[in-house]
Amino acid sequence: MHYFSLLVTFVKNEPLTHFIFGALLIYGYLSYFSTTPSVHPSDSKITVSKPDIENLKQSWIKQRHSPPTSAQLRGLIETQISDEIYYREALKLGLDREDSVVRNRMIQKMKFLADQSINEPSDSQLKKWIEDTPTKYQQDANFSFQQIYIGTTLNKQSMDAALRKLNTGIVTEDVFRSVWQKPLSIPKNVNSKSTSDIRRIYGDTFVKELIAQANRGSSGAWSSPLKTAFGYHLIKIDQSSRNPLSSLKSSQERALIDPKTRKAAQNDWISHKKQEAHQMAIQALKKNYDINIVDYE
Amino acid sequence: MGGELYPKGDAAPQFLVRATMDPEGATLDRIQIIKGWINEDGSTSEKIFNVVWAHPQSREVQENGILPPVGNSVNLTTGQWDNAIGAPELETLWEDPNFNPRQSAFYYARILEIPTPTWPLYDAIKHNFELPKDVVKVSQERAYTSPIWYRPNTQ
């Protein structure tokens, strides 16, 4: 009895047995439902069954949206027969060996078998995945802001004077012109754009500064000059969806609910699990091989 | 970008052109307009006009028609460059000084950035090897517009 429970534990935990079990399942499924039975190449009997003919008809209808005429059906059957003859003759000649396309296809099928054990993650699995890589699925923040482009050089005196005026609410053309050296054709007012949209026009430095200001709670006031590749800017954030008080937790919850980020996280989790499954399978199978690598380097 | 122009008496066409730098990239050196036309004998000709450039106070078109280079701020060991030279944006209104209303012609704009590293230089820095002397290590990236065609026969 003791040995039996040991055996059960072994089967449950050993990755190789999962792999083999999965492979057997797939093999069984494919054999049962396949209409092209696996043949021994020396078998000289070729049968075209009712299900075979039905399959040919259905494939034709799928492509042409109308059933084949009897001449067309006869043609399909003839092609099926000649293909089967070619296939068996090719097997007899061993043409499947030394073929890189066949080899790669078979490798792909083995990897596919290892993938079969991976299902979609549960909500709690997905939640943990998002928690472990928090920055990747963070929602894009939205900003509404104004910016004044100053130019490529900075005159501290006129800058300070202008800032004082701006921050007491004197936002006139004159004040702008007192700091302008030359206008730039990027928008002065931006209404509720995502950070990725803002980054495209203003660059990464600008976006980083917006986020830093929002986190400091400096929205609503004109900032001291910010330097980007264009030169110097003054910024004032009017509104941001990035509330510095919102917790990391609630941003993760939002990522779970938003369909786009949820799908992205799901796909990442699945490909990560598939990679793990491949590695486990290879580790288990390696034990059966005597591997020799010549000295290189 | 692109389009067709038809005669307006003998008036020469005027082109308004503006280019803004990539905020993650390099500043601009100059904008050129290239004109091509068909001569009386059927042969073709082209001419490059420098229409607006960075640092106009210190750069002037020489007698031979050449505009002095904008400089080179590329560091060959780090692959970085300094946007202190060049301009973030250039714009101008330009009129064709050699206009012949009876000649078929095209015009397109070409914008040059200040010098930046080429891919061989980035690779050499990353993998730490020396490039042969004749490899181009620094170049000026370009942008092109679609051509505007001048059709002398009125539609």
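A polar contact is a pair of N or O atoms within 3.5 Å; within protein, one atom must be able to donate a hydrogen and the other to accept it. With that in hand, let us explore this predicted model.

**Exercise 1.** Decide whether A:Gln147 is buried or exposed, and find which side chain it joins in a polar contact.

*Solution.* Start by locating the residue: A:Gln147 lies in strand S1 (residues 142-151) of chain A. Next, look at its relative accessible area, which is 3%. Buried means under 20%, so A:Gln147 counts as buried. Then check its side chain: a polar contact of 2.8 Å links it to the side chain of A:His233. Finally, set aside neighbours within four places in sequence; the residues in contact with A:Gln147 then include A:Tyr202, A:Phe206, A:Trp222 and A:His233.

**Exercise 2.** Describe the interface of chain A and chain B: how many residues are in contact, and what area is buried?

*Solution.* Begin with the count: 14 residues of chain A touch eight residues of chain B. Now take the area: about 830 Å² is buried between the two chains, and carbon and sulfur atoms give 59% of it. On the chain A side, A:Ser185, A:Ala229 and A:Phe230 supply 54% of the area that chain A buries against chain B, more than any other three residues.

**Exercise 3.** Which kinds of residue make up the side of chain A that touches chain B, and how many polar contact pairs cross the interface?

*Solution.* First, search for pairs across the interface: the rule finds zero salt bridges but three residue pairs in polar contact. Second, see where the chain A side comes from: helix H9 (residues 195-202) gives the largest share, four residues. Third, sort that side by type: seven residues are nonpolar, three polar and four charged.

How values were computed:
Residues numbered from 1 in each chain as written. Chains lettered and ligands numbered in written order. Predicted model: local features only at pLDDT ≥ 70, side-chain atom pairs only at ≥ 80, totals over all residues. Heavy atoms only, no water. Contact = heavy atoms within 4.5 Å. Buried area = accessible area lost by both parts, 1.4 Å probe. Salt bridge = Lys/Arg side-chain N within 4 Å of Asp/Glu carboxyl O. Helix = DSSP H or I, 4+ residues; strand = E, 2+ residues; numbered from the N terminus. Nonpolar A, V, L, I, M, F, W, Y, C, P; charged D, E, K, R; others polar. Buried < 20%, exposed > 50% of the residue type's maximum accessible area, 1.4 Å probe, protein only.
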